[in-house]
Amino acid sequence: MPTWLTLGGLLAGIVLGAYARRAGGEGWIEAVLSPIGTLWLNALQITIVPLVASLVITGMMHMARAAQAGRMAALTLGTFASILVGGAVMAAFLTPAILAAFPVPEGVAEGFAADLANVEAGPLPAFGDFLTSFIPTNIIAAAAETAMIPVVIFAAALAIAATRLGPIQRDAIALFFASIANAMLVIIGWVLKVAPIGVFALGARLGANVGLSAVATLGHYILVVSAIGVAVFAAAYLIAAIKGRAGLPAFVRAILPSQAVALSTQSSLASLPPMLAAARRLDIAEDTADFVLPMAVTVFRATGPAMNLAVAIYTAHLLDVELGAAAIFAGIVVASLTTLGSASLPGSISFVSAIGPISIAMGLPVAPLAILVAVEVLPDIVRTIANVTMNVAVTGAIDRHAPASARNDA
């Protein structure tokens with residue numbers, strides 16, 4: 001995605017819409033620009049179900065095979081899972097607390113709600129129906145209705161079942177769904193290349209409904225979601241202090257080069273070499289670092305469930321949608337499973353493939369994500385730095401608690 005052009009398109013659209021609002025020209029924005037923005041949003045949404053299902057299947061198959069490799073793999077994946085689920089639970093409590101202390105600027109939420117007045121959010125069923133919906137009678141119908149929890153659970157079950165098949169059938173399934181996922185990513189790439197146009201059109205409609213105060217709301221959103229990433233970042237230092245061998249001061253010094261690369265590239269993969277070097281400086285066993293860190297870069301994004309769920313909760317707060325226990329639980333489940341099962345993707349793509357299913361599962365509209373993706377470049381910096389820091393901290397913790405025989409298995 002042309003990041004800065006998209007951000008510029010959003011701001012330009014908001015300014016144009018605000019000017020049209022003051023001049024009484026909202027009608028032509030609704031007639032001309034609104035359909036363009038809606039088409040772009042629909043093109044973005046159409047890939048969500050096949051992409052998420054394919055990524056979960058391929059990712060879970062990869063993790064299941066890795067878990068069979070030995071005790072080190074099982075320990076690593078178990079540690080990853082506990083941190084990811086714990087992060088989602090933390091965000092479920094911390095995000096509403098932050099929003100209660102620092103709410104959306106007064107008068108702005110109403111404008112956003114008006115902007116999304118024609119966007120339907122799926123209603124949440126009663127709690128009993130909610131539980132039974134986890135296993136539908138027809139998975140095709142569930143996918144057609146974008147019921148993300150049963151789709152994700154079925155995809156995970158299919159992936160685990162596929163690992164029990166012979167190598168020819170197993171590899172055929174993996175290749176098929178990897179091909180589907182890659183094709184969906186190509187389509188998303190096409191859609192994101194024209195993001196400046198689509199976001200400009202959506203921004204103009206937003207500006208016409210909200211005015212320039214929309215800019216303040218976007219800034220508020222960046223701060224709230226980034227605060228959740230900072231909480232994960234702080235948790236990494238806590239793990240290093242309690243579970244690491246070298247202690248907190250040594251960890252702080254060792255991790256700085258990796259954080260610098262993460263800041264400049266916004267890529268965990270590009271940060272892998274300095275992360276390996278940091279592990280050496282922290283006296284982490286070479287076998288452990290060489291096994292855990294590449295796996296962490298591939299399937300472990302510590303901020304994923306936490307920050308993705310925070311985005312969905314922020315959207316609900318913005319639209320004055322009250323989230324009950326069932327909605328929060330649905331968000332935690334989908335946020336955890338989609339992160340556990342999907343490979344590492346660029347921020348703009350993972351924003352679509354990860355947060356869209358969470359919003360749908362929680363009964364929220366996906367439309368706000370088309371606006372928020374334009375400013376994802378700023379929270380994504382926090383995401384990458386926190387992920388890199390947690391990767392090294394977790395590697396140190398695993399090395400400390402893994403028996404020598406488990407290292408040999410790795």
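In which hand does α4 pass α11? I find that the crossing of α4 with α11 is right-handed, a crossing being right-handed if the near helix is turned clockwise from the far one by less than a right angle and left-handed if anticlockwise.

I note that this is a predicted model, in which local features need pLDDT of at least 70 and side-chain atom pairs count only at pLDDT 80 or more, while totals for chains, interfaces and linings use all residues. Residues are numbered from 1 along each chain as its sequence is written, and side-chain values use heavy atoms, with hydrogens and water left out.

I looked up the geometry of α4 (residues 71-101) and α11 (residues 213-243), whose axes come within 10 Å and cross at roughly 135°. The two helices are therefore oblique to each other (angles under 35 degrees count as roughly parallel, over 145 as roughly antiparallel, 65 to 115 as roughly perpendicular and the rest as oblique).

I then listed the residues in contact (heavy atoms within 4.5 Å): I83, M90, A91, L94, T95, I98 and L99 of α4 meet H220, V224, A227, I228, A231, V232 and I239 of α11.

I turned next to α11 and α12 (residues 248-265), which pack at an angle of about 135° with their axes 9 Å apart, and noted a right-handed crossing here. On the α11 side I find F233, Y237, A240 and A241, and on the α12 side L248, F251, V252, I255 and Q259.

Definitions and conventions: Axes are lines fitted to C-alpha atoms, for helices over the stretch in contact, and angles run from 0 to 180 degrees between N-to-C directions. Helices (H or I, at least four residues) and strands (E, at least two) are DSSP runs, numbered from the N terminus.
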